[in-house]
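Hi everyone, thanks for making time for this one. I'd like to walk you through a structure, starting with the overall fold and ending at a pocket.

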Amino acid sequence: MEKDPGISVRHILEAIENIGADTAGYDFEKFRRDRRARQLVERNLEILSEASRRLPDELKEHEAAIPWQAIAGIGNVLRHDYHETYPTVLWDTCKKDLEPLKQAVERIGRKLNTASPRRREGTKPPGKRC
């Protein structure tokens, strides 16, 4: 089964957006005390990790500065070593690592959109009747 990289790109960007929303207005101390916010961040990092694993290798090679293996690895840590996840690591990931990743994934998304075939003017997308 062929993977649609556009779906993975959307999932990564949605997870990053969710993390931003879940930590908006927080400083580290508030984040450290808020178990629910940490769990939401952990879940979105798992989603982000899995979605990044599904990106084709060719796309990841174009963004070789992004540590794709480490991103995939954080999902494994969160799923299997959750008792070892420290709030400082989560906080640093949220506040330092996600913005460069977001920018890289947005570039990938733009490349995917430009690479997609354009419809002829006046044609309707498949499935549209009106």
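So, what pattern does the protein chain follow when read along the sequence? The answer is α-α-α-α-α-α. Counted up, the secondary structure comes to six helices and zero strands. Please keep in mind that this is a predicted model.

Let's look at the chain as a whole. There are 130 residues in the protein chain, and buried residues make up 35% of them.

The largest pocket has a volume of about 210 Å³. Which elements give two or more residues to its lining? Those are α3 (35-53), α5 (68-80) and α6 (87-115). The largest share comes from α6, with five residues.

If you want to select the lining in your viewer, here is the list: Leu 45, Leu 48, Ile 66, Pro 67, Ala 70, Ile 71, Ile 74, Thr 93, Asp 97, Leu 98, Pro 100 and Leu 101.

And how many residues of each class are in that lining? By class, there are ten nonpolar residues, one polar and one charged.

Terms used
Residues numbered from 1 in each chain as written. Predicted model: local features only at pLDDT ≥ 70, side-chain atom pairs only at ≥ 80, totals over all residues. Heavy atoms only, no water. 1 Å grid on protein atoms, 1.4 Å probe; cavity = no way out; pocket = protein on both sides within 12 Å on 5 of 7 lines; lining within 4 Å. Points joined across faces, edges and corners; volume = space filled by probe spheres on them. Helix = DSSP H or I, 4+ residues; strand = E, 2+ residues; numbered from the N terminus. Nonpolar A, V, L, I, M, F, W, Y, C, P; charged D, E, K, R; others polar. Buried < 20%, exposed > 50% of the residue type's maximum accessible area, 1.4 Å probe, protein only.
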